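Okay, everyone, thanks for coming.

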Amino acid sequence: MAEKLTFSAEHAALLEPHLPPTVAPEEEGSGIWVTLTYAQSLDSCLSLAPGVRTRLSGPESKAMTHHLRSRHDAILVGVSTLLADDPALNCRIAGAEQQQPRPVVVDPHLRWTPRLTDKVLEAQRRGAGLAPFVVTAAESGVSAEAAHVLEQHGGKYIQLESAAAGPDGRLQLDWRTVFARLAEEQGIASVMVEGGGQVINSLLAPACAGLVSSVIVTIAPTWLGQGGVVVSPARVHDRAGSPAPAARLCDVVWHPFGDDIVLCGRLERPQ
């Protein structure tokens, strides 16, 4: 049984301005509040290498993450994060057992096959979490067996039309379509996006301007070194063709949580 975590009311109050209100306003293009949050090293790495589980958050910022989960209706991750970490994707804050967010897994190519031993499904059977909604491309064929495993736990597949394939040939889903579809689900008015690298970098692109309501980043006092999974959105150029910043935060505040620093802000709209 995973340990219960505690998060002080004092620290919770510091984060409240960056979290979804009790009644979330309709956000442009999606109708849902989206918080982008992740932990990184001093050299902007999420992990030591693709597929390698890497712990960055200290105890205080780890508890903060679970507090954030208690304040959102859903947690969204890319399939690579699910395959690498086998997370339970639940909330372990003491006293918030009845505030479990809905896991959402973005898996265009159906790389994940649900199994009874997956922690996210084990958590649902223990009454400590919810089964995931898996967002996939309509072109991908969902097997009846996989659909049954999800459905018997209360989860399901959501199939969406894909956008054009990316440079690596993989199918890509349009984030506006993804969030708008989730907003149609009963009880989902806010989503906490936790990763991984491809998901984070794509949401920081100018094309996604207006979709992300707030950004909360934990910065751990460590360097992971070259070869890690890095938060670094695609290069942007101005009208003259010169390199320009890909994204910038405004209304920034910094909070020390143990040895970590937590950065809160919101994305500026591109000029």
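Let's start with contacts, meaning heavy atoms within 4.5 Å. Take the contacts in this protein between residues at least 6 apart in sequence: 73% of them join residues at least 24 apart. Before I go on, keep in mind that this is a predicted model, where local features need pLDDT of at least 70 and side-chain atom pairs count only at pLDDT 80 or more, while totals for chains, interfaces and linings use all residues. Residues are numbered from 1 along each chain as its sequence is written, and side-chain values use heavy atoms, with hydrogens and water left out.

So what is it built from? There are 7 helices and 13 strands. Those are DSSP runs numbered from the N terminus: helices are H or I with at least four residues, strands are E with at least two.

Now the overall size. The radius of gyration, taken over C-alpha atoms, has a globule rule of 2.2 Å times the number of residues to the power 0.38. For 271 residues a compact globule would come out near 18 Å, and this protein has 18 Å, so the two agree. Along the principal axes, the C-alpha atoms fill a box of roughly 50 × 45 × 40 Å.

How much of it is buried? By our cut-offs, buried is under 20% relative accessible area, exposed is over 50%, and partly exposed is in between, with a 1.4 Å probe and protein chains only. Buried residues make up 49% of the 271.

Next, charges. Lys and Arg count as positive, Asp and Glu as negative, and His and the chain ends are left out. Each charge is placed at NZ of Lys, CZ of Arg, CG of Asp or CD of Glu. We get 22 positive and 29 negative side chains, and the centres of the two sets lie 2 Å apart.

On to the cysteines. How many disulfides are there? A disulfide is a pair of cysteine sulfur atoms within 2.5 Å, and by that rule the count is 0. Cys91 is buried at 2% relative accessibility, and Cys264 is buried at 0%.

Now find Tyr157, in strand E6, residues 156–160. Tyr157 counts as buried, with 15% relative accessibility. Setting aside residues up to four places away in sequence, Tyr157 touches a group including Leu110, Trp112, Pro114 and Val134. Ala146, Ala147 and Leu150 are among its contacts too.

Compare that with His148 in helix H5, residues 144–153. Buried or partly exposed? His148 is partly exposed, because its relative accessibility is 48%.

Which two residues does a cis peptide bond join? Gly195 and Gly196, with omega about 5°. Gly196 sits in the loop between strand E7 (190–195) and helix H7 (197–203). Then there's Asp86, a residue other than glycine with a positive phi, near 45°. Asp86 is in the loop between helix H3 (79–85) and strand E4 (102–106), and it is partly exposed at 26%. Asp251 also has a positive phi, near 50°. Asp251 lies in strand E12, residues 249–257, and is partly exposed at 49%.
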